[in-house]
Amino acid sequence: MGQALSSGDGGGGSQHKMMGVFGLAQKGELKMLKCEIKMDPSLLYQTCLYHRQSLLHIAAIYGQIHVLTWLLDQSMKPDVLNRNKQTPLMLAAMHGKISCVEKLLHAGANILMFDSLRGRTCLHYAAYYGHSDCLQAILSSARTSHVALSWGFTRFVNIRDGKGETPLHLAARQRRADCVHILLDNGALVCASTGGYGYAGSTPLHLAARGGSLDCIRELLAWGADRLQRDASGRIPYTVALKHKHGACAALLNPLSAEPLVWPSPLKFISELNPDAKLLLERALLEANREREKSILKGTAYSIESLSQSDSGDDDDTISEASDTEVCCICFDQVCTIEVQDCTHRMCAHCTLALCCHNKPNPTTASINPPVCPFCRSNISHLVVAKLNSEMDDIDNNSPKLRLTRRSWNCHEGSSSFKGLSTLGKMGGRGSGRISLDELIDKPSE
Ligand SMILES: [Zn+2]
Ligand SMILES: [Zn+2]
């Protein structure tokens, strides 16, 4: 690189020099880059030959955050465009360089720019390439930026590219289940059609069927994606999955197979859940739907291979916690993890979810009857995570747990003190030879 810079043959020399600063930006050689630009300040605004990338683009692509920060400090505009009208933010989102994405957003980069290739925004890029952290950063920025005011946040989440594809379409097609989840959670329309304006087109479910990602299909179905919606060729997602030989996907998409539980997003208290409670309910939904999937796939040659290990680990946690927490009074199976605020009644996440999904919300009617607490019939207005009462138990003598513990301790005492008696009874030829503990404990008091 140094040799190239010192070669002084007119035009060729300056081109080498340009290659030099781009190489330095790419490698993050900030010190040397500063020297070069100090000698020739015009280099700051040079673009490379083919794609007309600026130094800022290069720094964004390679995640050179120090270079990028310095360039922005030199009052370089964050929204400089390359030949394809791509901004540095789009390229950082494309390559998953989260620190550069954050820095550019902080520097006021415009999230509502469209490239000239496919008319895509930075949100499309993050979704297409599956960089969920970048996607989340852009969405957080959109919530607080002028875009939310002028455009509306939901409109931004559902922004279309030149082919009518929303970021959700791209994430579904590229098998980016994490991004699919984040987008749906932020208000992406699950049944958006690439046709637009009422014309038939592909839904995210059609594209997920084509991509063959069970995880994406699972997410979309759990958000109420319609298995019967037809694309421009009149095909339902099931047909698309069959055509692309994604058998397991097709089994779930088959309109004849059992419908999955749908996340009750229209319920006000569901949209207001705190992150912990939300996570519990989302997990319950996933588990409930996996049970359904198992029975659907049982009849086919497919099994659920994507049952992740972390989930089975979580199950173990629940079991170990079960010993010192309340068991749900509805199913007598799971631990109470969700509490209805105000009346403080508790139940497990599975039962809470079943309660919320019972009145399946109809997207065409605005009225959704919120569920009531199954114990006191009061309206549910807020759900929180039920706190484990291990500390309180020590103080509260009337807690069921402590009573249980004391009783078992008594039994233990009794059994050891009257061991001899039990043998005595046996020797005395008493029936079966086994004396119940109650009998033994009662005797001394007689
Ligand atoms: Zn339960
Ligand atoms: Zn209640």
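## Helix 14 and its packing

The buried residues of helix 14 pack against helix 12 (167-173), helix 15 (214-222), helix 16 (237-243) and helix 17 (247-253). Helices here are DSSP runs of H or I with at least four residues, strands are runs of E with at least two, and both are numbered from the N terminus. A residue is buried if 20 or more other C-beta atoms lie within 10 Å of its own, exposed if 12 or fewer, and partly exposed in between, with C-beta atoms placed from the backbone.

Helix 14 spans residues 204-211, and seven of its eight residues are buried, so the rest of the structure largely encloses it. The buried positions are Pro204, Leu205, His206, Leu207, Ala208, Ala209 and Gly211. Glycine 212 follows helix 14 and has a positive phi, near 80°.

## Model and confidence

This is a predicted model, in which local features need pLDDT of at least 70 and side-chain atom pairs count only at pLDDT 80 or more, while totals for chains, interfaces and linings use all residues. Residues are numbered from 1 along each chain as its sequence is written, and chains are lettered from A and ligands numbered from 1 in the order in which they are written.

The average pLDDT (the predictor's confidence in each residue, from 0 to 100) is 80 for the chain, and 74% of the residues score at least 70. Residues 1-13 stay under 50 and have eleven contacts beyond four places in sequence in the model. Residues 306-322 are also below 50, with seven contacts beyond near neighbours in sequence. Two residues are in contact if their C-beta atoms, placed from the backbone, lie within 7 Å.

## Overall make-up and core

The chain has 25 helices and three strands. Of its 446 residues, 34% count as buried. Among contacts with a separation of 6 or more, 63% are between residues 24 or more positions apart.

A nonpolar core is a set of buried Ala, Val, Leu, Ile, Met, Phe, Trp, Tyr and Cys residues joined through C-beta atoms within 7 Å. The largest one has 100 residues, and Ala93, Ile138, Ile217 and Leu220 have the most contacts inside it. Beyond its neighbours within four places in sequence, Ala93 is in contact with Val101, Cys122, Tyr125, Ala126, His131, Cys134 and Ile138.

In residues 163-195, the end C-alpha atoms lie 8 Å apart, and the span is 48% helix and 0% strand. For residues 200-232 the end C-alpha atoms lie 5 Å apart, with 52% helix and 0% strand.

Three strands form an open sheet in the order 2-1-3, with antiparallel pairing. Strand 2 (346-347) and strand 3 (383-385) are at the edges with a single partner strand each, so one side of each has no neighbour in the sheet. Two strands pair if DSSP finds at least two bridges between them; strand 1 (residues 338-340) and strand 3 have three, in the antiparallel sense. Leucine 383 in strand 3 is the bridge partner of valine 340.

Helix 19 (residues 275-298) lies across strand 1 and strand 3, and runs at about 90° to strand 3. Axes are lines fitted to C-alpha atoms, for helices over the stretch in contact, and angles run from 0 to 180 degrees between N-to-C directions.

## Positive phi outside glycine

Serine 75 has a positive phi near 55° and sits in the loop between helix 5 (65-73) and helix 6 (88-94). Serine 75 counts as exposed because it has 7 C-beta neighbours inside 10 Å.

Phenylalanine 332 has a positive phi of about 50°, in the loop between helix 20 (309-322) and strand 1. With 8 C-beta neighbours inside 10 Å, phenylalanine 332 counts as exposed.
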